[in-house]
Structures are given as structure tokens and as C-alpha cells.
Amino acid sequence: MSAYNIVSIAGSDPSGGAGIQADLKAFSAHGTYGMSVVTALTAQSTRGVTGVHGVPADFVAQQMDTLFTDAAVHAVKVGMLANAGITAAVAEAVAEHGLPNVVVDPVMVAKSGDRLLEASAVEALRTLLLPRADLITPNLPEAADLLGEDEAADVAAMHGQAKRLLDLGPRAVLLKGGHLAGEESVDVLVSRGAEPVELRAPRVATSNTHGTGCTLSSSIAALLPQRRDTASAVADAKAYLTEAIRRSGEIDAGGGQGPVHHFHAWW
């Protein structure tokens, strides 16, 4: 019997590489039981997003209330929220139900460049949900959008932006540096009352990066209840994702940006 129940609150990706489908795979890969609340349907493949259909905010709330009043929840990963109404509903549920280990991946734009969060919802994300998060995991474009700044151009600038994101209220920030050039992929973790941590891994030469952000954030959520602190959960999740990217060529799921190999340790 699994000791930990982890919930994904996110959109659906029919191609299976991102969104709820990726989250559930990552939860399973880390030995936890995955549950989900659907915020949006997408028409999506490895080549891009052709349509988005947001679930009505009141029905997202009904999904959460129904689930959270029945099952014990040990961690939550929040991904695609689509609009301000859904964002507000999720923020309210996090507070009302006292959800632990809340990891927010501020999904705004897909790898293909398609927008997954309405521009009008960014303020709701910034003011309602981020202050209730235990950890947020933006990439460089998302961090710039949240701060109203240019993207960080180097690791030193990442440190500054990560600290300013921490001022928005979350307990910790993992700023992902995958968009920078270089032989290493460098992420910066800042937490209240702790020194900043740089997490480095060799950059894998591949275009199979569909769902990397979803997979990392859901892996962290699954590991938080199982590790001594946030830093160790993040480090183990990054190591898992690096190997999932390295082994991604073993999956053939389309002709665009392929998914990572969530079950590389078993297949």
C-alpha cells in the first residue's frame, strides 16, 4: 500500500508527455499514489497545441472539494490553470483544506510557444496562489513574466530574480535555468532562512523536452513527503529528470518535441 497520495491539479495533454498524464507517471515512478483534478482540456501533440478548453471554475472547485474531503493528501502539484477564475478557485481550496507540500509550476506558455494561461490571470496567480505555495518552479520566461522584468541572462541574474520571486510570498523558489546556453543546466533554489543552492547537471543534447517542467515539479511534489527537506527533494527530482531526458530517445510518441522517459528505471 502506498504511504503517500499526491494530487495533480493541471490540464490534460492527450500526447501523454506533459500535464496530468506526465504528473501521474512521475508520481508512480517515485512510489506514490497519483490523483488528479482537471483544470483544462487541450488538443495537443508533440508538435504543438491546437486548442484549449478550460473547465468551469466552479466544477474545478467541486472536483477539489469532493476529493479533499475524502482522501488524505500528502502533497499537491499545481500546473496549468488556464484563467483567473480557476486560479482563484485553486488558491481558495489550498487555504480551505490546509493542503501540505504545495508545489506550483506557473505554466504560462507551452514549449511550442502556445499560451496556456490567459494574460489576465497572471495577477491572480501572483497575488492569490504564489503566497500559499511551499515551492514554485518557474522557468526563465515565466519568472520574467511574474516579475515584469527581462529574462535573466546568466546565473547571477537568476539569483536576483529568485530572491525577488521569494518576496511574492512562497516559502521557496526553484528558478530553472534550462533556457540558458552552456554545457550545464543550472537551477537556483532559494528558501526562507537558508542559503541559496545551485543545482547543476550536464545538459543533454536532445529536442525531447516536452513536459520537462511538469515532470520536475510533480517529481518534487512526490518526493517532498519522502525526503528530509526541500533541497534534497529538489536534488533527487533533478537527477531523475536528467536521466529521463537522457533516455528519452527510447520513446517514439510523435514527430515534434518528444516526451521524457518517465519509467527509465524499469523499461
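**Burial, packing and backbone in a predicted model**

Biologist: Why is His159 called buried?

Modeller: This is a predicted model, and in it His159 has a relative accessible area of 18%. Buried means under 20%. The value falls under that cut-off, so His159 counts as buried.

Biologist: Where is His159, and what is it in contact with?

Modeller: His159 lies in helix α6, residues 155–166. Setting aside neighbours within four places in sequence, its contacts are Val188, Pro196 and Glu198.

Biologist: What makes His262 buried?

Modeller: Its relative accessibility is 4%. That is under 20%, so His262 is buried. His262 sits in the segment after α8 (230–246). Beyond four places in sequence, His262 is in contact with Gly17, Ala22, Lys25, Ala26, Ala29, Thr215 and Tyr240.

Biologist: How do you know that the side chains of His262 and Thr215 make a polar contact?

Modeller: The distance between the two side chains is 2.8 Å. The limit for a pair of N or O atoms is 3.5 Å, with one able to donate a hydrogen and the other to accept it. The pair is therefore listed as a polar contact.

Biologist: Why is α7 described as largely enclosed?

Modeller: In α7, 12 of the 12 residues are buried, so the rest of the structure largely encloses this helix.

Biologist: Why are α3 and α4 called roughly parallel?

Modeller: The axes of α3 (residues 84–97) and α4 (residues 122–129) cross at roughly 10° and come within 9 Å. Angles under 35 degrees count as roughly parallel, so the term applies to α3 and α4. From α3, the contact uses Ala84, Thr87, Ala88, Val90, Ala91 and Val94; from α4, Ala124, Leu125, Leu128 and Leu129. These residues divide into nine nonpolar, one polar and no charged.

Biologist: What is the phi of each, and where are they?

Modeller: Ala82 has a positive phi near 70° and lies in the loop between β4 (75–78) and α3. Asn101 has a positive phi of about 50° and lies in the loop between α3 and β5 (102–104). Neither Ala82 nor Asn101 is a glycine.

Terms used
Residues numbered from 1 in each chain as written. Predicted model: local features only at pLDDT ≥ 70, side-chain atom pairs only at ≥ 80, totals over all residues. Heavy atoms only, no water. Axes fitted to C-alpha atoms, helices over the stretch in contact; angles between N-to-C directions. Helix = DSSP H or I, 4+ residues; strand = E, 2+ residues; numbered from the N terminus. Parallel < 35°, antiparallel > 145°, perpendicular 65-115°, else oblique. Contact = heavy atoms within 4.5 Å. Nonpolar A, V, L, I, M, F, W, Y, C, P; charged D, E, K, R; others polar. Buried < 20%, exposed > 50% of the residue type's maximum accessible area, 1.4 Å probe, protein only.
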